[in-house]
Amino acid sequence: MKWILWGAVLFLSGCASIGPETVSRDRFDYTAAISESWKHQMLLNMVKMRYADAPVFLDVASVISQYQIGGQINLGATFNHNPWGNSQVVGGSGTYVDRPTITYSPIMGDKFARSLMAPIPPPAILSLLQSGYPVGLVFRMLVNEINGVRNRYGGQARAHPADPEFYPLLEKMWKVQSAGAIGMRAKKIDKQESFLMVFRPKRDAATDSLTHDIRRTLGLDPNASEFRVVYGSVPRDDQEIAILTRSILEVILDLSADIEVPADHVKERRVNPTFEETVAGEKTRPLIRIQASSEEPGDAFVSVRYRNSHFWIDDRDLVSKRIFSFLMFVFTLVETGEKGTAPIVTIPTG
């Protein structure tokens, strides 16, 4: 009995502080769970919008884990004069409670308008370029027009192909960006901070020729190297670059237009046919490929079930995975301003 007592005491003393040991495990587990749920939520909303269904976004506002451990040892003995009548009782009990509390915040009202419906600020576009993101990806995904040159749009209300100059313009800008000849800087103009796109002069002959073509396509001053960047579709003069950016809602609508859907759903008029864009008589490859199948895919980066079909991105499709991850990154990038009050839903999961 003595050894049992000492063992119980040592066990309880060893578990007296369990907090530090849970930090690494919980941080990893909750990060993985939130990341996976965010991917599923984004894909599900893209598919719902493809089917003209209303999107619903729910933020994980906070995660609080509570642990409780306790123990109890009972000892008892009974003796009498009968040699065979004495008895001894040893008992022990312990409790372990893991009670996490997760708080969800619906994105609605003012927060919905800020996060999903507000146009992405042009300075955010320049910051992405400065960070090294390809101009072809940033402009193709986040921009409707640049100095009147239109991008394609797959949204049902105003679907249209890109202007003939748009894709060649992006190709030239990508080559100039790769050569390090495009930059950005901010400066005060009339007591307001303005952002400038800079074409660095006197590079190699091929790059200088490309920057000359870019200026001509955008109607810019061929002798200037700095141009103001503003929100809009039409510049005021040849010293300005007007970028008509998209909202996150427009970005999702455009990408969702390329989602593959079951043929019978189109035939039954449950959903529109997949948007197809042709340039110079050739079909262009969509930015992202989201497939549909009646059976659950075996090797998916992310997969959701909707209307008895599985919609998924192949884990071996690296381009589509990058586009999808970039979309989620931009979603977190664009929210600005003060946070408005929103309904809070707190669910004890324990």
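**Entry 1: the chain as a whole**

I began with burial, and in this predicted model buried residues make up 38% of the 350 residues in the protein chain. I then looked up the secondary structure, which comes to 10 helices and 16 strands. For contacts in the chain with a separation of 6 or more, I noted that residues 24 or more positions apart account for 63%.

**Entry 2: the nonpolar core**

Which residues have the most contacts inside the largest nonpolar core? I found Met42, Phe139, Met141, Leu142 and Phe324 listed for this, in a core of 68 residues. Helix H10 gives the most to this core, with seven residues.

**Entry 3: H10 and its helix partners**

I looked next at how H10, which spans residues 318-333, packs with H8, residues 248-256, and the angle is about 165° with the axes 11 Å apart. Angles over 145 degrees count as roughly antiparallel, and H8 and H10 are therefore described in that way. H8 passes H10 in a left-handed crossing. On the H8 side I noted Ile248, Val251, Ile252 and Leu255, which meet Leu327, Val330 and Phe331 of H10. By class, this contact of H8 with H10 holds seven nonpolar residues, with no polar and no charged ones.

I then turned to H5 and H10, whose axes lie 12 Å apart at an angle of about 65°. An angle from 65 to 115 degrees counts as roughly perpendicular, and this is therefore the label for H5 and H10. Their crossing is right-handed. Leu137, Val138, Met141 and Leu142 of H5 make the contact with Ile323, Phe326, Leu327 and Val330 of H10. The residues of this contact of H5 with H10 divide into eight nonpolar, no polar and no charged. I noted that Leu327 and Val330 are listed in the contact with H8 and in the contact with H5.

**Entry 4: H5 against H6**

I stayed with H5, residues 135-142, and found that it packs with H6, residues 166-178, at an angle of about 145°, their axes being 8 Å apart. H5 brings Val135, Gly136, Phe139 and Arg140 to the contact, while H6 brings Phe166, Tyr167, Leu170, Met173, Trp174 and Gln177. How many nonpolar, polar and charged residues does the contact of H5 with H6 have? I recorded seven nonpolar, two polar and one charged.

**Entry 5: H4 and the residue after it**

In helix H4, residues 122-130, I found Pro122, Ala124, Ile125, Leu126, Leu128 and Leu129 buried. Just after H4, glycine 132 takes a positive phi of about 105°.

Alanine 52, although not a glycine, has a positive phi of about 60°, and I located it in the loop between helix H2 (19-50) and strand S1 (58-64). Is alanine 52 buried or exposed? Its relative accessibility is 64%, so alanine 52 counts as exposed.

Asparagine 308 is likewise not a glycine and has a positive phi of about 65°. I found asparagine 308 in the loop between strand S14 (300-306) and strand S15 (309-314). Exposed means over 50% relative accessible area, and asparagine 308, at 61%, therefore counts as exposed.

Notes:
Residues are numbered from 1 along each chain as its sequence is written. This is a predicted model: local features need pLDDT of at least 70, side-chain atom pairs count only at pLDDT 80 or more; totals for chains, interfaces and linings use all residues. Side-chain values use heavy atoms; hydrogens and water are left out. Axes are lines fitted to C-alpha atoms, for helices over the stretch in contact, and angles run from 0 to 180 degrees between N-to-C directions. Helices (H or I, at least four residues) and strands (E, at least two) are DSSP runs, numbered from the N terminus. Angles under 35 degrees count as roughly parallel, over 145 as roughly antiparallel, 65 to 115 as roughly perpendicular and the rest as oblique. A crossing is left-handed if the near helix is turned anticlockwise from the far one by less than a right angle, and right-handed if clockwise. Contact means heavy atoms within 4.5 Å. Ala, Val, Leu, Ile, Met, Phe, Trp, Tyr, Cys and Pro count as nonpolar, Asp, Glu, Lys and Arg as charged, and the others, Gly among them, as polar. A nonpolar core is a set of buried Ala, Val, Leu, Ile, Met, Phe, Trp, Tyr and Cys residues joined through side-chain atoms within 4.5 Å. Buried means under 20% relative accessible area, exposed over 50%, partly exposed in between (1.4 Å probe, protein chains only).
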